[in-house]
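Biologist: I have a new model open on my screen and would like to learn how to read it. Can you walk me through a few features?

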There are 2 protein chains.
Amino acid sequence: MDQRVREHAQVLVDWSARIGAGDDVVLSVAEDAHELGVAVAEELGERGANVVTTYGSDEISRAFLRGHDGDFEADPAHELALYENADSVLRLGGGRNTTATTDVPSDKRQAYSKSRTGVREARMDTDWVSTVHPTRSLAQQAGMAYEEYQDFVYDAILRDWESLANEMARMKDVLDDAAEVRIVKEREDQPPTDLTLAVDGRTAVNSAASVDYDSHNLPSGEVFTAPYATEGEVFFDVPMTINAQELRDVKLTFEDGEVVDFEAGQNEDELAAILDTDAGARRLGELGIGMNRGIDRFTDNILFDEKMGDTIHLAVGRAYDACLPEGEAGNDSAVHVDMITDMSEDSRIEVDGEVVQRNGTFRWEDGFEA
Amino acid sequence: MDQRVREHAQVLVDWSARIGAGDDVVLSVAEDAHELGVAVAEELGERGANVVTTYGSDEISRAFLRGHDGDFEADPAHELALYENADSVLRLGGGRNTTATTDVPSDKRQAYSKSRTGVREARMDTDWVSTVHPTRSLAQQAGMAYEEYQDFVYDAILRDWESLANEMARMKDVLDDAAEVRIVKEREDQPPTDLTLAVDGRTAVNSAASVDYDSHNLPSGEVFTAPYATEGEVFFDVPMTINAQELRDVKLTFEDGEVVDFEAGQNEDELAAILDTDAGARRLGELGIGMNRGIDRFTDNILFDEKMGDTIHLAVGRAYDACLPEGEAGNDSAVHVDMITDMSEDSRIEVDGEVVQRNGTFRWEDGFEA
């Protein structure tokens with residue numbers, strides 16, 4: 001076995017999920033994540049955890065959903081009981097075909113998802129962590145050779161997380177103390193970006209790929225908060241696939257916190273549909289600052305893309321509760337769609353009038369120019 | 001997909017497990033049983049069942065057990081809750097290596113099994129059914145080519161089960177009314193077999209591969225009961241692998257229901273160890289009559305071998321409760337080891353002095369000679 005698979009399993013079990021003796025763990029293994037499953041199972045055994053292994057197969061889901069008439073029973077007792085009694089859920093992604101469920105009618109998929117609300121809440125109440133095993137299917141989605149993609153994934157995952165968490169804590173402190181963030185990008189080859197966002201009273205999350213940091217993805221490596229009162233315009237130069245449609249060159253204009261104008265270089269209809277979902281879909285739910293320098297290219301996989309160093313992302317739609325004052329409701333929506341822009345050139349992040357990052361370099365790093 | 005995979009799924013879901021709308025089903029899919037898993041999931045969807053899919057991976061079990069120190073917690077809450085709330089458990093066997101767990105120390109394996117007593121009882125309380133998907137690994141164990149093995153498996157599974165159940169009901173009636181069974185075999189090339197077994201007061205099980213018949217294997221096709229007061233000698237001409245040891249040419253001599261002498265042409269030590277397990281290991285727990293003529297050769301897999309037409313099998317060790325009068329304890333033991341002998345030549349089964357089967361032909365069949 002590739003030594004990196006074992007290291008991935010160790011990072012997942014120790015740093016991310018903090019598994020201890022007697023923990024009741026659900027280990028979900030995707031179709032081609034078997035090898036990582038084996039490595040994780042050995043780590044779980046060594047820590048004295050208890051394991052139920054589930055099979056996360058898109059092809060089995062597709063067959064079940066296509067066979068079903070769509071009138072799903074809510075929260076089946078056995079499924080609910082499994083997650084209600086679990087301490088941790090480790091989800092190892094890595095299927096054989098990223099488009100395996102595209103011929104399931106979307107209303108049936110939504111009805112199924114809705115019928116599992118209680119199951120999902122029970123799962124989210126555990127110390128859950130999602131990661132991926134590098135498969136050929138994911139390499140293909142990323143447009144990369146298999147071994148090249150393995151290098152990419154392990155560079156992103158096998159970090160010094162303690163050290164990254166400490167660096168991200170600086171960024172969190174800056175955002176927590178801030179009233180306003182300004183994102184400016186003046187590249188000649190792109191429409192201008194100049195956006196101000198209020199963050200006063202909001203709490204940033206140091207997403208350090210560990211349940212101890214309220215962070216549930218491995219890799220992670222971003223600091224995010226829930227902005228409001230957004231004003232200005234922003235251009236997203238990173239393409240992204242939403243509902244199997246590639247969105248490119250999205251431009252949004254905000255007034256009073258709301259999108260009042262939008263354009264897309266491709267699939268503008270899909271963008272319109274997202275923004276029309278509900279009232280909250282026209283307001284921002286998230287401002288995220290990517291700080292994982294192990295991720296050095298876009299692979300059309302949001303788990304990686306939004307954590308890339310020298311990028312920021314904004315999500316229209318739902319805000320995370322962790323960013324909001326106790327008892328306060330943030331922006332609510334059925335959607336949460338992330339869009340990313342590269343900040344490595346002719347760009348800066350200002351907080352309350354002071355530059356915190358210029359051309360991808362933070363003010364606490366060598367080479368920073370205020 | 002091979003049409004036979006779909007038919008297998010239908011037989012499993014309808015005839016064997018009798019799945020209906022709203023049933024909470026645990027679908028356990030072995031490493032290489034994915035294709036059957038897909039077919040079964042579609043059937044379960046069509047019937048309106050609810051599914052949790054688990055992954056039955058020997059390699060993951062091995063890794064977990066080898067990692068663990070062996071001090072297992074009893075019946076973890078999440079695992080117990082899953083099975084206590086399930087209506088049916090469908091186990092699709094078919095791994096990649098039948099010897100994948102041989103380097104797990106047997107005491108650790110036993111400790112794990114013992115720690116899961118409550119989980120196992122909860123699972124046995126459901127309408128559970130075990131079947132196998134024909135894999136290359138199982139073909140290799142059977143000494144067959146892959147496509148040849150597929151034909152073999154589907155011949156055994158895709159039967160007219162209704163009709164076989166009716167025929168087996170005849171054999172069950174004969175045994176239920178009987179006081180004594182005699183097994184005689186007079187082949188010149190083998191040591192003689194002449195065994196009498198008391199079955200008075202015992203109930204035979206018509207194992208017709210359906211939970212409605214108290215039968216939990218697909219394929220099945222045997223009628224079995226719990227004999228006692230065994231006298232005489234028996235020679236087993238079918239080799240079998242027990243604990244990764246091949247037993248050949250086993251000869252047992254019984255007096256007053258107990259093995260008083262034994263021989264094996266190979267691995268006699270393993271046979272001795274089995275018989276020395278406990279007091280019950282020297283007494284019979286089962287007499288089974290194989291009636292599935294779709295199974296026409298031995299493949300070193302007890303799921304198939306013991307159901308083969310024109311064979312009988314005897315198990316030393318534990319008896320099944322279903323064969324015993326209400327409240328009566330049958331032979332008890334930690335083991336239940338089946339041994340098989342071919343009855344197609346120079347052989348007969350007598351019940352209370354009347355021949356019921358000669359040279360593999362039952363008395364209700366054409367060509368029977370009393």
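Modeller: Let's go through helices, strands, a sheet and the contact between the chains.

Biologist: What should I know before I start?

Modeller: This is a predicted model, so local features need pLDDT of at least 70 and side-chain atom pairs count only at pLDDT 80 or more, while totals for chains, interfaces and linings use all residues. Residues are numbered from 1 along each chain as its sequence is written, and chains are lettered from A, with ligands numbered from 1, in the order in which they are written.

Biologist: How do I read a helix, say α8 of chain A?

Modeller: Start with what counts: helices (H or I, at least four residues) and strands (E, at least two) are DSSP runs, numbered from the N terminus. Then check the length, where the expected span is 1.5 Å times one less than the number of residues. α8(A), residues 146-157, has twelve residues and should span 16 Å; the end C-alpha atoms are 17 Å apart, which agrees.

Biologist: Which residues of α8(A) are buried?

Modeller: A residue is buried if 20 or more other C-beta atoms lie within 10 Å of its own, exposed if 12 or fewer, and partly exposed in between, with C-beta atoms placed from the backbone. In α8(A) the buried ones are A:Tyr149, A:Phe152, A:Val153, A:Ala156 and A:Ile157. They cover an arc of only 120 degrees around the axis (taken from the directions from the helix axis to the C-beta atoms), which puts them on the same side of α8(A). Turned away from that buried side is a face with the exposed residues A:Glu147 and A:Glu148.

Biologist: What do the buried residues of α8(A) pack against?

Modeller: Packing rests on contacts: two residues are in contact if their C-beta atoms, placed from the backbone, lie within 7 Å. For the buried residues of α8(A), the partners in chain A are α1 (3-16), β4 (127-132), α7 (136-142), β8 (217-218) and α11 (302-305).

Biologist: Now a sheet. In what order do the strands β7, β9, β15, β16 and β17 of chain A come?

Modeller: Two strands pair if DSSP finds at least two bridges between them. Here five strands of chain A form an open sheet, in the order β7-β9-β15-β16-β17, with antiparallel pairing. β7 (205-207) and β17 (336-342) stand at the edges with a single partner strand each, so one side of each has no neighbour in the sheet. From one strand to the next, the twist averages 20 degrees; axes are lines fitted to C-alpha atoms, for helices over the stretch in contact, and angles run from 0 to 180 degrees between N-to-C directions.

Biologist: And what joins β7(A) to β9(A)?

Modeller: Three bridges, in the antiparallel sense, join β7(A) to β9 (residues 222-225). One pair to click on: A:Ser207 has A:Glu222 as its bridge partner in β9(A). Helix α9 (residues 161-176) of chain A packs on the sheet, touching β7, β9 and β15 (284-290), and its direction makes about 20 degrees with that of β9(A).

Biologist: Which strands does β5(B) pair with?

Modeller: β5(B) runs antiparallel to β6 (residues 193-198), joined by six bridges, with B:Glu180 opposite B:Ala198. β5(B) also pairs with β18 (residues 347-351), antiparallel over five bridges, and there B:Lys185 stands opposite B:Ser347.

Biologist: How many residues of chain A touch chain B?

Modeller: 40 residues of chain A are in contact with 40 residues of chain B. On the chain A side, α2(A) gives the most, with nine residues. That side divides into 17 nonpolar, 13 polar and ten charged residues; Ala, Val, Leu, Ile, Met, Phe, Trp, Tyr, Cys and Pro count as nonpolar, Asp, Glu, Lys and Arg as charged, and the others, Gly among them, as polar.

Biologist: Can we zoom in on B:Gly67? Where is B:Gly67 placed?

Modeller: B:Gly67 is in helix α3 (residues 58-67) of chain B. B:Gly67 counts as partly exposed because it has 18 C-beta neighbours inside 10 Å. Leaving out residues up to four places away in sequence, B:Gly67 touches A:Glu42, A:Glu43, A:Leu44, A:Gly45 and A:Glu46.
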